[in-house]
There are 14 protein chains.
Amino acid sequence: MEFLVGSVWAAAFAIGVAAFGCGIAQGLGLNGAMAGIARNPEAAGKIQVNMLIGLALIESLCIYALVVAMILLFVHPAIGPAVATLGGH
Amino acid sequence: MEFLVGSVWAAAFAIGVAAFGCGIAQGLGLNGAMAGIARNPEAAGKIQVNMLIGLALIESLCIYALVVAMILLFVHPAIGPAVATLGGH
Amino acid sequence: MEFLVGSVWAAAFAIGVAAFGCGIAQGLGLNGAMAGIARNPEAAGKIQVNMLIGLALIESLCIYALVVAMILLFVHPAIGPAVATLGGH
Amino acid sequence: MEFLVGSVWAAAFAIGVAAFGCGIAQGLGLNGAMAGIARNPEAAGKIQVNMLIGLALIESLCIYALVVAMILLFVHPAIGPAVATLGGH
Amino acid sequence: MEFLVGSVWAAAFAIGVAAFGCGIAQGLGLNGAMAGIARNPEAAGKIQVNMLIGLALIESLCIYALVVAMILLFVHPAIGPAVATLGGH
Amino acid sequence: MEFLVGSVWAAAFAIGVAAFGCGIAQGLGLNGAMAGIARNPEAAGKIQVNMLIGLALIESLCIYALVVAMILLFVHPAIGPAVATLGGH
Amino acid sequence: MEFLVGSVWAAAFAIGVAAFGCGIAQGLGLNGAMAGIARNPEAAGKIQVNMLIGLALIESLCIYALVVAMILLFVHPAIGPAVATLGGH
Amino acid sequence: MEFLVGSVWAAAFAIGVAAFGCGIAQGLGLNGAMAGIARNPEAAGKIQVNMLIGLALIESLCIYALVVAMILLFVHPAIGPAVATLGGH
Amino acid sequence: MEFLVGSVWAAAFAIGVAAFGCGIAQGLGLNGAMAGIARNPEAAGKIQVNMLIGLALIESLCIYALVVAMILLFVHPAIGPAVATLGGH
Amino acid sequence: MEFLVGSVWAAAFAIGVAAFGCGIAQGLGLNGAMAGIARNPEAAGKIQVNMLIGLALIESLCIYALVVAMILLFVHPAIGPAVATLGGH
Amino acid sequence: MEFLVGSVWAAAFAIGVAAFGCGIAQGLGLNGAMAGIARNPEAAGKIQVNMLIGLALIESLCIYALVVAMILLFVHPAIGPAVATLGGH
Amino acid sequence: MEFLVGSVWAAAFAIGVAAFGCGIAQGLGLNGAMAGIARNPEAAGKIQVNMLIGLALIESLCIYALVVAMILLFVHPAIGPAVATLGGH
Amino acid sequence: MEFLVGSVWAAAFAIGVAAFGCGIAQGLGLNGAMAGIARNPEAAGKIQVNMLIGLALIESLCIYALVVAMILLFVHPAIGPAVATLGGH
Amino acid sequence: MEFLVGSVWAAAFAIGVAAFGCGIAQGLGLNGAMAGIARNPEAAGKIQVNMLIGLALIESLCIYALVVAMILLFVHPAIGPAVATLGGH
């Protein structure tokens, strides 16, 4: 069934690319935070709070993609009939 | 049904690429904010406010793509007939 | 119907790529604004005003793409007949 | 009808890629303007004026692409017959 | 008609890619001009004049592409017969 | 069975690309942490704590992709019928 | 007629890519000129003269591509027969 | 058997791309550690500990991909039937 | 006739890519010259002479490509028979 | 036999890409170590030890890929039947 | 005749890509020379001599490609029969 | 015989890409070593020793790829039958 | 004859890509030499000697590719039969 | 004969890509050596020796690829039968 092939590819594409980009984004933010704490250790508290807010926002972008991937794999209304078709083939 | 394959791919492409780009964008903004707080901790309040405004605007771009992905998966007027076709195949 | 596949792909491409680019653009602008406020906190008001003008202009570019995507999905004159064809298939 | 597929793809490509590039361009300009105001707040007026001129010129490039996309979707002389063909299929 | 598909794609490619490149170019120029005015506000007049000359030259490159796109869509001698063929199909 | 080919490719794509991106991200963060400790050894404790938080968040992104890959390989509802089809071929 | 498709694509490719590259080139030159005038306003005259020479040379490269595009669209000896073939189809 | 081709390609893709990315990541981290030790040799102990933690985390990402590759080559439930099919061909 | 399609594409590729690269090259050279004159206005004469030599050499590279494009369009010994074939089709 | 083609390609891809990435990674690390020894020759011992640890870890990534390539070429359970098939063709 | 298509494409590829790369190379060299003369005008003679040697060597690389392109278009032993075949078709 | 085509391509890919990457890696290391010796000539001995260790490790990566390429061309168990098949064709 | 198409493409690819890379390499070397002479004119002799050694080595790489291209076009043992086949077609 | 096409392409790919990468690598090394001699002319002897060692190692990588290309063109055991097949076709 071609639909299932498409949906697994699409799910893998979404989560793979989103993890790639958000990973690099968190790496950039973390890099900045590390440099900031080393430069000004007394501001470590404020930096940590903002870093966590920022990382959480970036994480949320990746979770959107994860949600879409999960929908493609389990919730999409065409999954049921497609699997049934495959089974009864 | 080829239409369903296209719509799941398109949804995954939209959310994946948008999450990639917006993630890197938030990473850049977060990087700048971290560096800014470390450099000038007394301005942390102003920086935090503007950082949140900026991150929210970037988040909104990704949410546009999420909305389009959701429309492609659930709201598009051709989804219903296509699933029905698949089921009654 | 191949037309519908094309239109959903095109809508996803437009919004995905535009969100990617505009997101990075807003990230660059935000980065500059963060650095600017940290460097010169008294200019924070002017910087914030100009940052919002700039981010709004960038946002507008992405909204153009969103409008085109919406037109492709709902307003385009060939959508109606195509869906009808699919339903009556 | 293959022509319609081509025209929606082309419209999406034009607006997507143009929004991508012009967005990054506006981000670069905005970045420079933010850094400039922070460095020299008394020149904020001149910088703002020139920034708006520049952003408007960049915006105009994207609007050219938007115009081409709209022509492809609604004004092109082959749209009418193609939709008619699709409807009477 | 395959020719029409090719011409709309070509027009969209030309205007999209040209807008992308010229947009980034104007962003680079604008960035330099912003930094220049901030560094040396008394030279703002000279900078503005040269910036406008440069931006106009870059704009002209994009307008060449727009002209080619318009020729492809409306003036090309094969458009008429192709549309006629499509209509009388 | 084409579905199995698609699922193994998709799993490999997801984990490969995510490991690529998250690896570079951890490298960036580690780079920043190394530079930070060398610059300000007394802040090593704070830097280490935040580095671990950041690396864990990046690791989580890659684990999302690993989970999706595992689902594609073992949990997806269409795997069973597909393998059965292959066996009884 | 496949030849016409090829020629419109080729014309669009030539002008699009050349405008992209020359645009960025003019942006680089303009950037340097802006920075130069800001740094040394008394040399503005010499800089302006050389900038115009350089921009004109870059413009000439793009005009070569425009000439080739125009030749492909109107002057190429195979255009006439191809259009005639299309018309008499 | 197309499935086996897909699985060997997928395994090679996963390990190749992951080794590429994680290698560069470890190179970045190592680069930072080398610079750090040279700058502040007394902090060499702390830097070494953190470097090893970071490198181990990056190594773990690549090992995930190696595990997926091994699963694709030896553990996947469709390998057995596929090899049997090939043998009895 | 496939040969004509190939030759127009090849001509457009040669001139487009060469204009792209030589344009950026001239932009780099111009950028350096602008910065040089601003830094040391008394050396403007020597810089201008060498800049013109360099730009002319870069221009010559692009003209080689233009010559090849013209040969492909008008001088190549297979053009005549190919156009004749098209006309007598 | 298509399977053998796939396995040799996959082995070459894995080792080629992994050697590319790990090579650049070792180059980065080596670059940092060279700079570090030149900057602080007394720390050469510590730097050398850590450099060797790091290079060994990067080498291990490439060896994973080499192992996978060797498995694909000699150990994979489908190699035997495939070669036999080819021989008895 | 497919051979002629291949040879024109190959000639255009060779000259286009070589002009691209050598152009950028000459731009880099020219950039360095401009900066060098501006920094140390008394060394302008030595710089000019070496610049011309270097540019000539780079030019020679592009001329190799031009020679290959010319061979492909006029000297290759299979051109004659191929054109004859086309003419006598 | 398609297998032989695949194996020669694979061998060329492996050695080409690996030489590309390892070459750049050695260039980076060499660059660092040159800068290091110029900065601190008394450390030239230590730098030379470490440079040779590093270059040898990078060379080893490329030799892995060379070994794989040689295996693909001469040792692979399917080469013999494939060549025999070609000869007896 | 497909073999001839392949050989001309391969020759053009080899010389084009090699000229591209070696050109950029010579540009980098030339750039460094220009900067070096400007910085330290008394060392111009040593720099010139080493520059020529380096440029000659880079040139040799491109000449290897030129030799391979010439072999592909004139010396390869399959050229003769292939041209004969084409002529006697 | 498809095998010969593959082998010429593979030889050209190997030598072209390897020359590209090794060329850039030698350019990087040469750049560093030039800068080093200019900075510290008394170390020119040591720098020259190490530069030659490094360039020779990089050259060796490209020669590996050249050897593989030559094997593909003249030594590979399938060349003889393939050429014979072509000749006796």
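**Exercise 1. How many residues does the contact take from chain J and from chain L?**

Solution. Let's start with the chains in this predicted model.

- Step 1: Count the residues on each side. Chain J contributes 39 residues to the contact, and chain L contributes 44 residues.
- Step 2: Look at the area. About 3700 Å² is buried between chain J and chain L, and carbon and sulfur atoms give 80% of that area.
- Step 3: Find the elements involved. On the side of chain J that touches chain L, helix H1 (2–39), helix H2 (44–75) and helix H3 (79–87) of chain J are the elements that give two or more residues. H1(J) gives the most, with 23 residues.
- Step 4: Sort by class. The side of chain J that touches chain L has 30 nonpolar, seven polar and two charged residues.

**Exercise 2. Describe the interface of chain L and chain N, working from its area to its residues.**

- Step 1: Begin with the residues in contact. Here 39 residues come from chain L and 44 residues from chain N.
- Step 2: Between chain L and chain N about 3800 Å² is buried, with 80% of it from carbon and sulfur atoms.
- Step 3: Turn to the pairs. The count of salt bridges between chain L and chain N is zero, and seven residue pairs (both at pLDDT 80 or more) are found in polar contact across this interface.
- Step 4: Assign the chain L side to elements. Helix H1 (2–39), helix H2 (44–75) and helix H3 (79–87) of chain L each supply at least two residues of the side that touches chain N. The largest share of that side, 23 residues, comes from H1(L).

**Exercise 3. Take helix H1 of chain A and work out how it lies against H2(A) and against H2(F).**

Solution. Go through the partners in turn.

- Step 1: Stay within the chain. The axes of H1(A) and helix H2 (residues 44–75) of chain A cross at roughly 175° and come within 8 Å. H1(A) and H2(A) are therefore roughly antiparallel to each other. By class, their contact has 24 nonpolar, three polar and one charged residues.
- Step 2: Move to the other chain. For helix H1 (residues 2–39) of chain A and helix H2 (residues 44–75) of chain F, the axes come within 10 Å and cross at roughly 175°. That angle makes H1(A) roughly antiparallel to H2(F). The contact of H1(A) with H2(F) divides into 19 nonpolar, five polar and one charged residues.

**Exercise 4. How many Å apart are the nearest C-alpha atoms of chain A and chain G, and of chain A and chain K?**

Solution. Take each pair separately.

- Step 1: Chain A and chain G do not touch, and their nearest C-alpha atoms are 26 Å apart.
- Step 2: Chain A and chain K do not touch, with nearest C-alpha atoms 30 Å apart.

Definitions and conventions: Residues numbered from 1 in each chain as written. Chains lettered and ligands numbered in written order. Predicted model: local features only at pLDDT ≥ 70, side-chain atom pairs only at ≥ 80, totals over all residues. Heavy atoms only, no water. Contact = heavy atoms within 4.5 Å. Buried area = accessible area lost by both parts, 1.4 Å probe. Salt bridge = Lys/Arg side-chain N within 4 Å of Asp/Glu carboxyl O. Polar contact = N/O pair within 3.5 Å; in protein donor to acceptor, adjacent residues only side chain to side chain. Helix = DSSP H or I, 4+ residues; strand = E, 2+ residues; numbered from the N terminus. Axes fitted to C-alpha atoms, helices over the stretch in contact; angles between N-to-C directions. Parallel < 35°, antiparallel > 145°, perpendicular 65-115°, else oblique. Nonpolar A, V, L, I, M, F, W, Y, C, P; charged D, E, K, R; others polar.
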